[in-house]
Amino acid sequence: MSLIKYEILNTVVEYGSLTKASEALNITQSAVSHAIASLESEYGFSLLHRSRSGVRVTAEGERILGYTREIIRWAELMNQEISLIRGAEIGTVRIGTFASVSTQWLPGILKQFRLRHPGIEIKLWEGDYAEIENWLASGAIDLGFLSLGDSSPFDTITLQKDRMMCILPLDHALASEKSVSFEVLLEQPFILPKWGGDNEIERLIRQHAAKLNVVYEVAEDQAIMAMVRNGLGISLLPEMVLQNHTESLALVPLSGDPYRMIGLACASLRNISPAARRFIEEVQQWLISNQEV
C-alpha cells in the first residue's frame, strides 16, 4: 500500500489527464502511468478509462476512490498534528467555493491567511452548490462554502446573511419602489438564475407556491445583469453579487427581506485537520473585521 500512488490516482482523476497530473505533481508522465498501472495490477481491474480526450475513472475505480481519499486525508491530518507538536504549521486545505465568494471574500481572506500561516497551502475548487456538495461527500475537498438550507448532511458553520434583491433596468416602473412583494414579480418577465443544486431562488419559489413568468434561464450572474440592463426581464440575485453594479441597475429589496445564509460545510467538524481549522478561524476573523469597517 503506497500513499504516493493514491495521491497520483486522485490527481489524475481531478485533472482528467495524465499529462496535467504529472505537471501538478512535478513528476514525469511515465511515473504517473507506472503508478496507475501498478495499482491496477495489484487490484486486478482497471481504474481509468483512457481515450484521446483524456482519462476518466471507471466504475470500479470510483468505488476505490473514496477510500484512497480518506487514507490521504488521515495521513495529512496526522502530519499536521506532528508538525504542530514540533511547533510548526504545515498542510494543505482544499476549499470548494462559488463565484461570488471567490470574487468578494477570498482575495482578502487568502491574503490575510498567507501572511499568518505561510506553511499552509490552500487549493481552490470552484463550482456551483451541487458540485461543492458532491466534492464534500466524496472527500475531494475539506471545506466548502455553501448557501445553507434548512437541513444539511454536513456539519456547517453559519457566516453571513446575504439579502436577496430584485434587479431591474434603471427606467423600470418599479425601480423607485422601496420594496416589492414576491407576488408583483409574477407579473413580470423573469430571468431565472439557474445554479446547480437546491438554491435560494428555488426555495423562495417553493415557499410562495408560485409560477414565475420565466423567459430565460441563465447560470452566469454577469449575463443575468447584462440581460436585465437591456430590458429583457427582471431577476433576483443576492446582494453580495451586485456590489459595484449599483449605478447600472435598480436594486429593490423584496418584502419580508429574504436572504441566503452563506456558510462553511465539512464532513465532520470534529475530525477536520488543524490547517482546515485555522482557515475557518481566519474566515470568521476576516468577516468580523470587514463588518466593522
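Helices α1 and α3 are roughly perpendicular to each other (angles of 65 to 115 degrees count as such). The model is predicted: local features need pLDDT of at least 70 and side-chain atom pairs pLDDT 80 or more, whereas totals for chains, interfaces and linings use all residues. Residues are numbered from 1 along each chain as its sequence is written, and side-chain values use heavy atoms, without hydrogens and water.

The axes of α1 (residues 3–15) and α3 (residues 29–43) lie 9 Å apart at an angle of about 110°; axes are lines fitted to C-alpha atoms over the stretch in contact, with angles running from 0 to 180 degrees between N-to-C directions. Helices are DSSP runs (H or I, at least four residues) and strands likewise (E, at least two), numbered from the N terminus. Contact (heavy atoms within 4.5 Å) involves Lys5, Tyr6, Ile8, Leu9 and Val12 of α1, and Ala31, Val32, Ala35, Ile36, Ser38, Leu39 and Tyr43 of α3.

Buried denotes under 20% relative accessible area and exposed over 50%, with a 1.4 Å probe and protein chains only.

In helix α9 (residues 200–208), Glu200, Ile201, Leu204 and Ile205 are buried. Ala209, which follows α9, has a positive phi near 45°.

Technical notes:
Angles under 35 degrees count as roughly parallel, over 145 as roughly antiparallel, 65 to 115 as roughly perpendicular and the rest as oblique.
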